[in-house]
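Have a look at the sequence and the structure first.

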Amino acid sequence: MKTRLLALCTLLAICACKADQKKQPNVLFLFIDDYTYRAVHEMGNKQVISPNLDKLIQEGTLFTHAYNMGSWSGAVCTASRTMLNSGLTVWRANANRKNWHEGDSLARAHTWAQLMQNAGYDTYMSGKWHVDIPAADIFEQAEHVRPGMPKDFWNGKQVNEAINKYKKKPLNTSQMDMPKGYNRPLSENDDSWSPTDTSNGGFWAGGKHWSEVLKDDAENFIDQAAQKQKPFFMYLAFNAVHDPRQAPQKYQDLYDVDKIEIPESFQADYPYHEEIGVGPRLRDEMLAPFPRTELAIKTHLKEYYALISHLDDQIGEILQHLEEKGLRENTVIFLTADHGLAIGRHGLLGKQNMYDHSMRVPLLVAGSGIPKNKKIDEDVYLQDIMPTALDLTGKGVPDFVEFKSLMPLIHDQQGEAHLNGVYGAYLRLQRMIRKDGYKLIVYPKVHKVLLFDLKNDPNEMHDLSDNEESRTKIESLFKDLKQMQVDLDDELNIGSVEDYF
């Protein structure tokens, strides 16, 4: 009798365990590189053709004001991804990299992938990593782990040589000897680069476009997951839409360069580019000529949009495969980017600045239990995805995680503001606070502040800092920014507000 009772209890325990596992949703994370909110069809850019992303956004909850916190490196992506995978804010995430380098077991255990595995998930990663701990060390499976960008396009030696030449050259770069794919186009007849030429390497290295390889990897893992009872955490990180912006011809043909709209905030140059570290010696800014031309910006936008459309098709196929295998219904899908991109706005090309086009990204949550066709305008950090996913496992969010779950906002259960302002930083050259409808940008090296009224000036084109009536607002935001610095272990002394007047 006791033996039968023990067997029955064991069976019930197993059934209960399986039931708990079924309650845990699968988590699919779609991570896009360099994807500014300004290039999202459903957020106002009707030039971009992305039907699969549009449909996914309509099927979920979109956070319209999601931000990256900044970077200690010109490679903003590595800072963003380190924060995301560690759960730590920017300067503490930077300090934690030492623990990863030294093989600290606790720091390894505190990564997003390891926490998901501990919560009962099969963990899988494919694509761009760019984090200072090997993906294979923390994910159970890792396929085609890519670097920050294709090495053959980065072409470090040639790029560094060109950077060194810039130190002795005037701003006009039309005659500069640059690596292939940079400083272009110089004219309508400039045929030095083709985004469809597979011999240029880049995303074509290996014989198949990297976005398509990632799609294949995802489908293979979905096939495996369909045979198991355990929930999965699938981290799919596209190198697209980072440069080199290469996509097959049919996607290039979707866009006519002559019909591409120039951004309202287009400038030939940014007046403080050297002082804030975004001048001609920054790799990202070397992609197009100085001073900027409308032709160059239209060309880069055309290729950017084409790569988004190509990416859109890959995401569509992944989601379709998930549906065909019967896994879509119990899967929560997160989609975001590591940061935005300027591509001609304010005379800039890259993401190493404090403007919304470079810090603000789309952030979508869709799937099991998530409201459809909902938009939330409250400020959040993109790294809030990590605790949100942990929240969904039912195991809770560890105390060391500094970002916040989005689930209370999604289900209208937020009792107070999610953030008391957005903080931003780039190296020791730029600081930012976005709060109460205003943005204050601080350039400590040259004692310059910029103030924007975001409600009336969403493109951040009209600096109010010289208006006498703005002084009180500047002082208030400056004080709040300094408090944020203390709270976040930001050691940069930006001085007092009096230093800026």
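## Ground rules

This is a predicted model: local features need pLDDT of at least 70 and side-chain atom pairs count only at pLDDT 80 or more, while totals for chains, interfaces and linings use all residues. Residues are numbered from 1 along each chain as its sequence is written, and side-chain values use heavy atoms, with hydrogens and water left out.

## The cores

Let's start inside. The largest nonpolar core has 105 residues, and Tyr-35, Trp-112 and Tyr-235 have the most contacts inside it. Helix 12 (residues 294-324) gives the largest share of this core, 13 residues. A second, separate core has 47 residues, including Val-76, Ala-79, Val-278 and Met-484.

Some terms: a nonpolar core is a set of buried Ala, Val, Leu, Ile, Met, Phe, Trp, Tyr and Cys residues joined through side-chain atoms within 4.5 Å. Buried means under 20% relative accessible area, exposed over 50%, and partly exposed in between (1.4 Å probe, protein chains only). Helices (H or I, at least four residues) and strands (E, at least two) are DSSP runs, numbered from the N terminus.

What does Trp-112 touch? Leaving out residues up to four places away in sequence, its contacts (heavy atoms within 4.5 Å) include Phe-29, Leu-84, Phe-233, Tyr-235 and Ile-385.

## Rings around Tyr-235

The whole structure holds 24 aromatic pairs. Rings of Phe, Tyr and Trp (its six-membered ring) pair if their centres lie within 6.5 Å; planes under 30 degrees apart count as stacked, over 60 as edge-to-face and the rest as tilted. Phe-31 and Tyr-235 have ring centres 6.2 Å apart and planes at 80°, so they are edge-to-face. Phe-31 is in strand 1 (residues 26-32) and Tyr-235 in strand 6 (residues 232-237), so this pair ties together parts 204 residues apart in sequence. Both Phe-31 and Tyr-235 are buried.

Tyr-235 also pairs edge-to-face with Phe-139, at 5.5 Å centre to centre and 65° between the planes. Ring pairs link Phe-29, Phe-31, Trp-112, Trp-129, Phe-139, Phe-233 and Tyr-235 into a cluster.

## Helix 4

Helix 4 (residues 90-101) has twelve residues. Its buried residues are Val-90, Trp-91, Ala-93, Asn-96 and Trp-100. Those buried residues pack against several elements, among them helix 3 (76-86) and strand 12 (430-435). Just after helix 4, Gly-103 takes a positive phi of about 75°.

Methods:
The expected span of a helix is 1.5 Å times one less than its number of residues.
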